[in-house]
Amino acid sequence: MNVILLEHPRSYSNDRCNDIANAPLSACLNSGYIGGMLAANNIDVTIVDGYLEQLNYSDIEEQIAALTPTILGIHLVYHWEDNKTFYQFIEHVKQTYDIAYVCVYGFYPTFAYEEILNRCPAIDGALLGEAELTFLKLAENFPTIPSAGIAVRTTNGIVATRGEVIIDVDSLPFPQRNPSSYSFGEVNISGSRGCYGGCTFCYINPYYGDSKRLWRGRSPENIIAEIDAVMQETDIRYFYFTDPNFYGPGRAGKERVLKLARLLKERHLHFGIEARANDIEAETIKALTGAGLKHILIGLESGRDEALKRLNKLTTVADNEKALQILRQYGLEPSVGFIMFEPDSTLEDLKVNFDFLKRNALLDKLEISVNVLYHHMIILQGSSSYKALQEQGRLNISVHSTYEADTDYRSPQVAMLAGMMRDMTNHIFSYMKDTWELSFKKDPIMLEKYRLLNQLLVQSFEDFLCLMKNGELSIDQRNSYVDSFHHTVDGIMV
Ligand code: SF4
């Protein structure tokens with residue numbers, strides 16, 4: 001028995017250049033964790049990282065030909081399209097190299113297994129949610145297929161049964177890492193699974209599948225043991241916690257963070273985390289920055305309490321502002337998650353959001369403005385918003401996949417402004433793709449260009465918001481404003 005775990009090549013789409021990733025960051029360790037579990041149980045496993053190693057299909061085929069696996073496991077990531085080319089590749093290698101079983105895992109297969117199994121006959125099963133135990137059972141008992149944790153074709157159609165949830169996350173073997181895991185100058189590490197929140201647009205908890213223990217943290221000692229092991233293998237001293245929510249709930253969550261901070265401090269490294277605004281308070285942030293915290297992403301999502309309620313964010317605008325103030329007090333300028341356009345947004349919501357961003361100095365840099373003034377709510381299968389909009393008959397499922405959907409905005413003016421901002425920011429992104437490095441290196445000419453672009457973008461948003469208050473623009477007017485914006489951007493960037 002030997003197993004290949006494949007991270008397939010990802011494609012880039014100009015149109016979707018800044019949509020939030022179609023798989024959460026935590027998914028980047030999926031193959032590593034399955035690999036770790038199989039290796040710890042003496043199963044011969046190789047991770048082929050077609051993504052980080054930038055392999056093309058023939059490079060991958062070469063590795064498959066050399067290893068001729070019994071089972072090919074694939075971390076299947078949605079590509080904003082139908083994956084046809086990749087499915088043809090799977091069919092080809094399965095037949096050519098006589099692979100006995102092909103299975104897929106990850107967020108996309110967990111929620112869209114039906115579509116995937118229907119589209120690609122070469123895929124035998126889709127593992128659901130956290131897949132370490134199911135994959136182990138599959139490999140140990142093959143050709144017997146586990147009765148839970150996997151979606152399979154049967155004579156009664158496709159049947160999917162969720163598997164066991166891993167309550168004690170310390171029991172997981174450390175993820176397997178390849179040289180390519182260290183190729184981008186930082187090490188991804190997972191300190192917890194799930195989240196005690198329940199935002200309508202998020203499918204972290206439906207993925208992990210435990211409705212009782214939503215957030216499951218590893219002990220600080222267990223995390224540090226992995227960090228120590230990684231530090232033996234690489235000189236990299238920057239760790240990024242991929243946890244959707246670094247903090248556990250309540251007092252116990254805070255104590256755990258303080259203990260972890262103490263242990264991290266002794267390692268003299270730097271790290272980044274992602275957190276909820278309501279968890280940000282002085283004691284833990286002081287301890288974490290003292291221990292090497294350099295980057296933090298917080299999901300603010302909105303500057304209006306009514307919208308935060310609609311998103312079931314369980315935070316308030318006051319929480320958001322306090323979090324920003326504390327982080328800045330300790331020298332951290334956070335990256336922020338912000339949903340300017342959500343299905344039920346009103347023009348008033350957008351105005352309040354805009355004022356919030358301005359008041360909190362979140363419109364001063366192009367790199368931030370271009371995100372926060374544009375982001376719309378992405379609706380993915382598995383989230384509660386997908387289900388609710390479907391029940392309300394408001395869900396427009398993508399022609400590419402059931403995994404992705406959008407909805408018609410309640411307000412036609414909001415819809416028009418959202419479309420304009422998308423066109424305008426995509427135009428800016430097309431320039432930033434090749435110039436951000438110069439800006440990052442503080443090239444004075446590029447910094448000035450970015451300053452002018454930022455001024456233009458922020459002013460345009462405010463102007464269009466005012467215009468919309470008088471009603472929708474005609475299509476000709478809309479297009480003429482966007483064209484004029486593009487020309488001004490082109491003039492600045494020449
Ligand atoms: S805070 Fe909300 S968006 Fe973030 S992981 Fe938790 S449920 Fe998901």
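Which residues are around the ligand? In this predicted model, the residues around the ligand are C195, G197, G198, C199, C202, I204, P244, N245, R276 and G299. By class, this shell comprises five nonpolar, four polar and one charged residue.

The domain assignment divides the chain into domain 1, spanning 2-161, and domain 2, spanning 169-407. A distance of 26 Å separates the C-alpha centres of domain 1 and domain 2. To the contact between them, domain 1 contributes 32 residues and domain 2 contributes 30 residues. On the side of domain 1 that touches domain 2, the elements giving two or more residues are α1 (30-40), β2 (44-49) and α4 (107-119). Of these, α1 gives the most, with seven residues. The residues on this side of domain 1 divide into 17 nonpolar, seven polar and eight charged.

Two local backbone features were identified in loops. The peptide bond from F142 to P143 is cis, with omega near 15°, and P143 is placed in the loop between α5 (132-141) and β6 (150-154). T68 is found in the loop that runs between α2 (57-67) and β3 (71-75).

Helix packing was examined next. Two packed helices are described by the angle between their axes and the distance between the axes. For helix α7 (residues 220-233) and helix α8 (residues 250-265), the axes come within 9 Å and cross at roughly 30°. The crossing in which α7 passes α8 is right-handed. P220, I223 and I224 of α7 make the contact with R256, K259, L260 and L263 of α8. The contact of α7 with α8 has five nonpolar and two charged residues, and no polar residues.

Beyond the bounds given for domain 2 (169-407), helix α15 covers residues 412-440 and packs against α16. The angle between α15 and α16 is about 180°, and their axes are 11 Å apart. An angle over 145 degrees counts as roughly antiparallel, and α15 and α16 are therefore roughly antiparallel to each other. From α15, the contact draws on Q413, M416, L417, M420, M421, M424, I428, T435, L438 and S439. These residues meet M446, L447, Y450, L453, L457, S460, F461, F464, L465 and M468 in α16. The contact of α15 with α16 has 16 nonpolar and four polar residues, with no charged residues.

Helix α16 (residues 444-469) also packs against helix α17 (residues 475-493), at an angle of about 165° and with the axes 9 Å apart. Consequently, α16 and α17 are roughly antiparallel to each other. The crossing of α16 and α17 is right-handed. In this contact, K449, L452, L453, L456 and S460 of α16 meet F485, T488, V489, I492 and M493 of α17. The residues of the contact of α16 with α17 divide into seven nonpolar, two polar and one charged. L453 and S460 of α16 take part in the contact with α15 and also in the contact with α17.

Conventions
Residues are numbered from 1 along each chain as its sequence is written. This is a predicted model: local features need pLDDT of at least 70, side-chain atom pairs count only at pLDDT 80 or more; totals for chains, interfaces and linings use all residues. A residue is near a molecule or strand if its C-beta atom, placed from the backbone, lies within 6 Å of it. Ala, Val, Leu, Ile, Met, Phe, Trp, Tyr, Cys and Pro count as nonpolar, Asp, Glu, Lys and Arg as charged, and the others, Gly among them, as polar. Axes are lines fitted to C-alpha atoms, for helices over the stretch in contact, and angles run from 0 to 180 degrees between N-to-C directions. Helices (H or I, at least four residues) and strands (E, at least two) are DSSP runs, numbered from the N terminus. Angles under 35 degrees count as roughly parallel, over 145 as roughly antiparallel, 65 to 115 as roughly perpendicular and the rest as oblique. A crossing is left-handed if the near helix is turned anticlockwise from the far one by less than a right angle, and right-handed if clockwise. Two residues are in contact if their C-beta atoms, placed from the backbone, lie within 7 Å. Domain bounds come from an automatic or database domain assignment.
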